[in-house]
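Have your viewer open and try each task before reading on.

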Amino acid sequence: MTIGDCKLIELPKFLDQRGNLSFVQNNAQIPFVIKRTYWLYDVPGGECRGGHAYRETEEFVIAMSGSFEVTIDDGIEKKTFLLNRSYYGLYIPKGLWREMGNFSTNSLALELASTNYDPEDYVRNYEVFLNLKSNGEI
């Protein structure tokens with residue numbers, strides 16, 4: 001997978017003076033079945049999250065509140081996406097390094113994943129990630 005396989009996806013929006021509504025459905029807005037949902041919140045200023053790649057997991061990340069940046073690295077190039085609208089999400093395929101940072105105050109990141117949690121799916125060392133990429137193992 002490369003950075004070109006990542007994409008910002010605009011989610012459906014129903015605008016209403018009482019409040020707006022957006023949603024995500026399996027295999028509709030995102031190209032996988034959701035097996036795990038988790039969220040990041042109360043991230044202290046200057047802290048980063050992520051710093052890993054997945055061997056099998058695909059993700060979809062939404063800024064439910066506030067803003068943050070997601071930097072994707074495919075071992076050759078990097079690209080940073082700003083997430084700051086709850087009706088946009090970032091699709092991240094497996095095999096890409098990701099880091100999240102520049103969290104605004106009271107930001108909330110919702111993450112939808114294609115797999116159940118498995119610590120063996122994580123590649124947490126960047127040099128190992130680069131070796132796996134160059135060998136075509138992820």
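**Exercise 1.** Find which tyrosines are linked into a cluster by ring pairs.

*Solution.* Keep in mind that this is a predicted model. Tyr54, Tyr117 and Tyr122 are joined by ring pairs into a cluster. Now look at the face of Tyr122: Arg124 lies over it, at 4.1 Å from the ring centre.

**Exercise 2.** State how many aromatic pairs a search of the whole structure finds, then classify the pair of Phe14 and Phe23.

*Solution.* The search finds nine aromatic pairs. For Phe14 and Phe23, start with the ring centres, which are 6.2 Å apart; the cut-off for pairing is within 6.5 Å. Next take the planes: they meet at 15°, so the pair is stacked. Finally, check accessibility. Phe14 has 47% relative accessibility and therefore counts as partly exposed; Phe23, at 27%, also counts as partly exposed.

**Exercise 3.** Work out how Phe32 and Tyr91 are arranged, and what their pairing ties together.

*Solution.* Phe32 and Tyr91 are 6.3 Å apart, centre to centre, with 35° between the planes, which makes a tilted pair. Then locate each partner: Phe32 is in the loop between β3 (21-22) and β4 (36-41), while Tyr91 belongs to strand β9 (residues 88-92), so the pair ties together parts 59 residues apart in sequence.

**Exercise 4.** Find which ring the charged end of Lys13 sits over.

*Solution.* Follow the Lys13 side chain to its charged end, which sits over the ring of Tyr87, 4.0 Å from the centre of that ring.

Methods: Residues are numbered from 1 along each chain as its sequence is written. This is a predicted model: local features need pLDDT of at least 70, side-chain atom pairs count only at pLDDT 80 or more; totals for chains, interfaces and linings use all residues. Side-chain values use heavy atoms; hydrogens and water are left out. Rings of Phe, Tyr and Trp (its six-membered ring) pair if their centres lie within 6.5 Å; planes under 30 degrees apart count as stacked, over 60 as edge-to-face and the rest as tilted. Buried means under 20% relative accessible area, exposed over 50%, partly exposed in between (1.4 Å probe, protein chains only). Helices (H or I, at least four residues) and strands (E, at least two) are DSSP runs, numbered from the N terminus. A charge sits over a ring if NZ of Lys or CZ of Arg is within 6 Å of the ring centre and within 35 degrees of the ring normal.
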